[in-house]
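Please look over the sequence and the model shown below. The report that follows takes up the fold, the domains, the ligand surroundings and one hairpin in turn.

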Amino acid sequence: MQPKHKLEMKGISIEFPGVKALSQADFAVESGEIHALVGANGAGKSTLMKILGGAYGHYQGEIYFDGQKVDIRHPQDAKRLGIDVVYQEVDTALIPYLTVAENIMLDVMANEMQGKHFIRWGQLHRRAREVMKQVGIQLDTSTLVENLTLAQKQLVLIARALATNTNFLVLDEPTAPLSQTETEELFRLMRDLVANQNIGIVFISHRLPEIFEICETITILRDGRVVADTTIETLTQQRLIELMLGHRFDETYPKMPVPIGETIFQVEELWEEQGRVRDVSLTVRAGEIVGVTGLVGAGKTELCKTLFGAYPIRSGQVRLHGKPLKITSPHAAVNQGVTLVPEERRKEGILVDEPVYVNLTLPSLDTFTRGVDFVDTRAERETARQLIRELGIRTPSENQKVAFLSGGNQQKVAVGKWLITDAEIYIFDEPTKGVDVGAKHDIFELIGQLAKRGKGIIYASSEIPEILGISDRIYVMYDYTIVKEFDTADATEEDILFYSAGGK
Ligand SMILES: Nc1ncnc2c1ncn2[C@@H]1O[C@H](COP(=O)(O)OP(=O)(O)OP(=O)(O)O)[C@@H](O)[C@H]1O
Ligand SMILES: [Mg+2]
């Protein structure tokens, strides 16, 4: 059993140009506990943890390890104290063209290689396998990381942290890309680390039921300040949301009554080239929100991508207003009125190095073009400002680079830009991933407005309450095909789970 440790951050403040991300924040975590860090998008959670991980040197305030003042200004300083942070941006933290074993052993190698010039590959894979066994991942250590799912990448990152001596492990929204089963696996691992290895864990998540399931203690941030620091059992979910948002909030689904029209979109016996979509038929009516649900890995994303022309169609028919479409590429799909808000925002959804307004108006740039190629940037910025208000995107201005926004605010940009395009069919793939409860509400409202304008909406999500809350009709997917259709009024969570799990 390792000795008990205590980590304290006191009076932490940090600024970025135009943004005071944290003011006088206090935070403490001990070995053997799972401590929740909660707050709305942009509240400062990731920033506080980045400071702890040594990613920022320019903060004010003090950090104590077992009562001793320590100076954490670089990642090595944190590492030396056994503090490991698994950042929100999983993809950028791994090296895609290296193997699982190499990625896991990256920090160990960096420590041990100093002055040496050769690597014992056999030993490297064996040690990586040992760590993986401890974490409970079953993966071939020679697989390239680029071929892993997000869930697997997450586990590789945790394994990498545990490959070196770890006292504190910070997990920044680890469950956002995970299925329910994967989440349960992760929770089992977290409980094990806390109980048997006396590690202290900081857990960040926007899924509040998870917080109540796995954490004992909690710190709530609002606008860069700590508004509560307490034990979970003193809080209800309602109270937590109030503290987080600073006002009362009713966590219901804003489903507007929208008249549903004729069928406008028809998919018949659709097959994707490699069988990633198998024999899918579906319809969408004007003003209708059609939910597509199923477990992570059931083929929802694949279906969305195929309908959008990002995966090749082997056979089948797609019609809009009765007219057959030729969906040969995303460009062709957009030109024919079909648009997709993709799941992996960093890779596909946004240009991180461009300002917010450019990102928000990019897909509808033609509406801002006067004459042949003169873009009316004034109108462009005005529209962007309006979207920023409607979606509550937290940014100093429309000119901020998207890279500087918090994870959830990037997601709002990725979703927001499609809301002003003039498509007929909008496909949303998990649009609320990593988005706080207040912002979710705003996104649902905007989707409702699209429906009101007579658009057809396909809403793919594995969050069943969400699907039940906003859709009119539901398709359940299993093993790359649709296995069940419900009118939402007739569906229950149990029914959907039954078919999602392959029930017949
Ligand atoms: N490098 C940076 N440059 C400029 N602004 C930044 C930078 N990093 C963070 N910010 C700003 O600081 C604030 C806090 O961001 P942070 O990423 O900590 O939020 P968060 O609580 O993790 O939100 P989310 O739930 O969306 O991930 C945000 O307004 C963000 O835009
Ligand atoms: Mg964050």
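## Overall fold

What share of the contacts in the protein with a separation of 6 or more comes from residues 24 or more positions apart? Such residues account for 70% of these contacts, where two residues are in contact if their C-beta atoms, placed from the backbone, lie within 7 Å. The model is a predicted one, in which local features need pLDDT of at least 70 and side-chain atom pairs count only at pLDDT 80 or more, while totals for chains, interfaces and linings use all residues. Residues are numbered from 1 along each chain as its sequence is written, and chains are lettered from A and ligands numbered from 1 in the order in which they are written.

The protein holds 19 helices and 22 strands, these being DSSP runs numbered from the N terminus (helices H or I, at least four residues; strands E, at least two). Its radius of gyration, taken over C-alpha atoms, is 24 Å, close to the 23 Å given for 504 residues by the globule rule, so the protein is as compact as a globular protein of that length; the rule is 2.2 Å times the number of residues to the power 0.38. The C-alpha trace spans about 70 × 50 × 50 Å along the principal axes.

## Domains

An automatic or database domain assignment supplies the bounds, and the protein is divided into domain 1 (1-82 + 166-251), domain 2 (100-164), domain 3 (253-337 + 423-436 + 451-504) and domain 4 (348-422). The centres of domain 3 and domain 4, taken over C-alpha atoms, are separated by 26 Å, and seven residues of domain 3 are in contact with eight residues of domain 4.

## Surroundings of ligand 1

Ligand 1 is surrounded by 19 residues, of which the closest are Phe16, Ser46, Thr47, Ser406 and Gly408; a residue is counted as near if its C-beta atom, placed from the backbone, lies within 6 Å. At least two residues of this shell come from each of β2 (19-30), α1 (45-52) and α16 (407-419). Because both domain 1 (1-82 + 166-251) and domain 4 (348-422) give residues to the shell, ligand 1 lies between them.

Strand β21 (residues 473-478) pairs with strand β22 (residues 481-487) in the antiparallel sense over six bridges, pairing being assigned if DSSP finds at least two bridges between two strands. Tyr475 has Glu485 in β22 as its bridge partner. The hairpin that β21 and β22 form has two residues between the strands, and Asp479 in the turn has a positive phi of about 50°.
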